[in-house]
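This briefing covers selected side-chain interactions and packing in one protein model.

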Amino acid sequence: LWSQWSGPLARPGLNIDEGDVIQKINGRSLSEHMSLNEYLLGKSGTEVEITILKFRPIQVESEDHPFPVYHRQPLYTVTINTEPLPAEGPIRYRDWTNNNR
């Protein structure tokens, strides 16, 4: 259930999955020279536009591996508007308590 204790990308209907990649924030392409937090610094309480590249896992046959091997195939990009959290501490604490019950 989405609430104030979940991240903004966990909202119902957004369909953001593990492995999807954030490409842009407010139209700025992400760089390996800046952390994600730097792009969101000072944005709490305001709406930001996030562009996400959606992927689909595809199974690849491999004689070298006894288990199925999956690669990610890019499908499409989706742009959403959301409001960043003022701090991630409460979410991290909730995750910790849920994992340590």
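**Salt bridges around Lys-54**

Asp-17 is partly exposed, with a relative accessible area of 45%. The model is a predicted one. In it, Asp-17 takes part in a salt bridge with Lys-54, where the closest N and O atoms are 2.9 Å apart. A search of the whole structure gives 2 salt bridges.

- Lys-54 also meets Asp-20 in a salt bridge, at 2.7 Å from N to O.
- Through shared partners, the salt bridges join Asp-17, Asp-20 and Lys-54 into one network.

- Strand 3, which holds Lys-54, spans residues 48–60.
- The relative accessible area of Lys-54 is 6%; this residue counts as buried because the value is under 20%.
- A polar atom of the Lys-54 side chain lies 2.4 Å from the backbone oxygen of Asn-15.
- Leaving aside neighbours within four places in sequence, Lys-54 is in contact with Asn-15, Ile-16, Asp-17 and Asp-20, and also with Gln-73, Pro-74, Leu-75, Tyr-76 and Val-78.

**Nonpolar core**

- The largest nonpolar core has 7 residues: Leu-14, Ile-25, Tyr-39, Val-48, Ile-50, Ile-52 and Ile-80.
- Strand 3 supplies the largest share of this core, with 3 residues.
- Ile-25, one of the core residues, touches Leu-30, Leu-36, Tyr-39, Leu-40, Glu-49 and Ile-50 when residues up to four places away in sequence are not counted.

**Aromatic pair**

- The count of aromatic pairs comes to 1.
- Tyr-93 and Trp-96 form this pair, with 6.4 Å centre to centre and 25 degrees between the planes.
- The pair is classed as stacked because the angle of 25 degrees is under 30 degrees.
- Tyr-93 and Trp-96 are 3 residues apart in helix 2 (residues 89–99), so about one helical turn separates them.
- Both Tyr-93 and Trp-96 are exposed.

Terms used
Residues numbered from 1 in each chain as written. Predicted model: local features only at pLDDT ≥ 70, side-chain atom pairs only at ≥ 80, totals over all residues. Heavy atoms only, no water. Phe/Tyr/Trp six-rings, centres within 6.5 Å; stacked < 30°, edge-to-face > 60°. Helix = DSSP H or I, 4+ residues; strand = E, 2+ residues; numbered from the N terminus. Buried < 20%, exposed > 50% of the residue type's maximum accessible area, 1.4 Å probe, protein only. Polar contact = N/O pair within 3.5 Å; in protein donor to acceptor, adjacent residues only side chain to side chain. Contact = heavy atoms within 4.5 Å. Core = buried A, V, L, I, M, F, W, Y, C linked by side-chain atoms within 4.5 Å. Salt bridge = Lys/Arg side-chain N within 4 Å of Asp/Glu carboxyl O.
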